Each structure stands twice: as structure tokens, then as C-alpha cells.
Amino acid sequence: MARNIQLLVIDPQNDFCDLPAAWQPVDALTGQRTAPALPVPGAHADMQRLAQFIRQQGGHFDDITVTLDSHQRFDIAHPGFWQTGAGADVAPFTPITAAQVRAAEFTPRNPAALPRTLQYLDALEAQGRYTLMVWPVHCEVGSWGHGVHADVLAACGAWQLQRQRAVRNVFKGTNPWTEHYSAIEAEVPDAADESTALNTALLRQLGQADVLLIAGEASSHCVRSTTEHIVQHLPRLLPGWQASRIVLLTDGMGPVGGFEAQHQAFLEGMRAAGAQLANMNEISL
């Protein structure tokens, strides 16, 4: 009986890749090369290996899903949203807690946003998964950084023509009031925005896979959160589904610098849940 084999590629975007200068375009306005905003160490090599894997094994894939982190410049996790209590800029990679906001160490630049901001921080911290992090502006909709790594894009394009079907793209993160690491659900869903709610259509599609291969960036955040949500929600949605169907392609992902412990905890947690871990050259479909 034929197996359903799917590939889920999480956020293989230019802004997350440590691309060499030759892969960086020249900005027409400044004449300078556009550097990736939030490069994950080793991600360029990860994506090149993944592209080669798609070319070699893609004939066996029934579906490819690519998620795309998609933000506006105005976003609760971007520097321009915040200021210090003294009115100074807030640097990227600054964690902010509800207690710090209540103590006026940090405040939204728009005072009217304070109640909603505190409500969000309280809900986020109650989950115990993440503290709000101010990231560099990244994956801005319409920008080069929002685009897919060129080698992965070319491999996916060839796969579409070979298999005569489209890659499924999933956009996440467009709501500026909540972080959205997971492609399955925002960290704190906004009741007024369906795009932040549990994505049961995506879950049901991924749940059809007998083998669900997962790669992407970054394993400390978006890959981790998406995979954890899949393991959390699919057994309830599709009784009998087990995490043993998941294969994490460990040489096709890596953590944000400074978050290596979270990467390791993620891999250990998924192995304990029953998922398989493998390098791509170990996969034979």
C-alpha cells in the first residue's frame, strides 16, 4: 500500500539564512547589499542540503508545505513598537516582561496600546513557553528578506513541474499584536482574527501523512513551536495519529544564536514523544 509522504518546510526565508555576500542583493535605494535581518548560523548550508534533498527525493513526496513568517514593521515583537521608560530606542534581542512594563522600564510608543499590550504579555507569560522578545525587523511582507532561499525555491519549483501540483504556502505572523512562531496557532490567539486561531485545515492535511518530514528555521523557535503544536493537537483531531510519523531532518534546521539549549531540549522532547530524528542522507523513501 502506497504511503503518503509529505515535506513541511518551516520559514526557509532569506532573513533567516546566513547568506554569503554573493547571495545578497544590492538595494536600489542605498546601493548597499541587503543583509539577512535575523540569520541563523548554518542556515544557508541547511537550505542547500534541503534543496538537494528535494531534488533527489521529491519524486516520492505527495505534498510540500512551506510556511512563511510574514510581518509588518509595526509589530509587538519589533523595536519600533517600544521605547524605554526614558524614551530611548529599544535594541533588538531585548526580552520584555509584563512586570517591566508595569514598572515603566519599557512602554509602547503609543500610550493607547498599553492596556492591550499588558493583556497580551500576561496571557503569553501564563503559558510559560516564551517571554516576549524584541527581534530585529524581519520577514517584512514584500521585502527580499520575506522571500524563500533561492536554492529551496528553485527545487520546489522543479518539484511542482515534476509532480504537476503546487506547493502549499502558509502565511503566519501578519497580526501585529501577537507573536506567531507556530504555523499551527499564534502564541496568543486574537479572537477577532481567524488567522491566529488553530489551523485545523493544515493539521488535517499534515495528519494524512504516513511520513511527515520536517525541516526549516529556526529549531529553537518556529520549527520547535510548529512541531510541538502538531504533536499536541493531531492526536485529538485525528484519533490514532502518533508522533512516530514525524521525521525531523536535523541537518536541515538550526537554532537562533544563543538559543542552543532550547534547540537541544526540543529535539530531546520530540524524541521522547516518539518522533524520529535523522540526517537527510539517512533517508531512503
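Visitor: Start with F53 and F61. Buried or exposed?
Guide: F53 is buried, and F61 is buried as well. Keep in mind that this is a predicted model.

Visitor: How many aromatic pairs does a search of the whole structure find?
Guide: Eight. The rings of F53 and F61 make a tilted pair, because their planes sit at 50° with the centres 5.9 Å apart.

Visitor: Why two numbers for that?
Guide: A pair of aromatic rings is described by the distance of the centres and the angle of the planes.

Visitor: Which residues form the aromatic cluster?
Guide: F74, F81, W82 and W177 form one cluster. W82 also turns up in the largest nonpolar core, among the residues with the most contacts inside it.

Visitor: How many residues does that core have, and which others have the most contacts inside it?
Guide: The core has 84 residues. L50 and I230 join W82 on that list.

Visitor: Take I230. What does I230 touch?
Guide: Leaving out residues up to four places away in sequence, I230 touches L8, I184, L203, L206, L212, I214, P235, W241 and I246.

Visitor: New topic. How many cavities of 30 Å³ or more does the structure hold?
Guide: One. About 160 Å³ of space lies in the largest cavity.

Visitor: What lines the largest cavity?
Guide: There are 17 lining residues. D69, W135, H138, Y181 and C222 lie nearest the centre.

Visitor: And by class? How many are nonpolar, polar and charged?
Guide: Eight nonpolar, five polar and four charged residues make up the lining.

Visitor: Let's move to C17. Where is C17?
Guide: C17 is in the loop between β1, residues 5-10, and α1, residues 43-57.

Visitor: A loop residue, then. Is C17 buried or exposed?
Guide: Buried, because its relative accessible area is 0% and the cut-off for buried is under 20%.

Visitor: What is C17 in contact with?
Guide: Setting aside neighbours within four places in sequence, C17 is in contact with P36, P39, V40, A43, H44, M47 and H149. For H44, the C-alpha atoms of the two residues are separated by 5.1 Å, and H44 is 27 residues from C17 along the chain.

Visitor: P39 is on that list. Where is P39?
Guide: P39 is also in a loop, the one between β1 and α1. P39 counts as partly exposed, because its relative accessibility is 38%.

Visitor: What does P39 contact?
Guide: D15, F16, C17 and D18, again leaving aside neighbours within four places in sequence. P39 and G257 are 218 residues apart in sequence, yet 8.6 Å apart in space, C-alpha to C-alpha.

Visitor: Where does N199 lie, and what does N199 touch?
Guide: N199 lies in the loop between β7, 168-172, and α5, 200-207. Not counting residues up to four places away, N199 touches V170, A183 and I184. N199 is partly exposed, with a relative accessible area of 24%.

Visitor: Now D151. Which helix is D151 in?
Guide: Helix α4, residues 150-163. D151 counts as buried because its relative accessibility is 17%.

Visitor: Which residues does D151 touch?
Guide: W23, Q48, A51 and R55, not counting residues up to four places away in sequence.

Visitor: Last topic, the backbone. Which peptide bond is cis?
Guide: The bond from E217 to A218 is cis, with omega near -5°. A218 lies in the loop between β8, 211-216, and α6, 222-237.

Visitor: Why point that out?
Guide: Most peptide bonds are trans, and most residues other than glycine have a negative phi.

Visitor: What is phi for F93, then?
Guide: Near 70°, a positive value, and F93 is not a glycine. F93 lies in the loop between β3, 82-84, and β4, 94-96. F93 is partly exposed, at 45% relative accessible area.

Visitor: And phi for A104?
Guide: Positive, about 65°, although A104 is not a glycine. The place of A104 is the loop between α2, 98-102, and β5, 106-108. A104 is partly exposed, with a relative accessible area of 41%.

Terms used. Residues numbered from 1 in each chain as written. Predicted model: local features only at pLDDT ≥ 70, side-chain atom pairs only at ≥ 80, totals over all residues. Heavy atoms only, no water. Core = buried A, V, L, I, M, F, W, Y, C linked by side-chain atoms within 4.5 Å. Buried < 20%, exposed > 50% of the residue type's maximum accessible area, 1.4 Å probe, protein only. Contact = heavy atoms within 4.5 Å. Phe/Tyr/Trp six-rings, centres within 6.5 Å; stacked < 30°, edge-to-face > 60°. 1 Å grid on protein atoms, 1.4 Å probe; cavity = no way out; pocket = protein on both sides within 12 Å on 5 of 7 lines; lining within 4 Å. Points joined across faces, edges and corners; volume = space filled by probe spheres on them. Nonpolar A, V, L, I, M, F, W, Y, C, P; charged D, E, K, R; others polar. Helix = DSSP H or I, 4+ residues; strand = E, 2+ residues; numbered from the N terminus.
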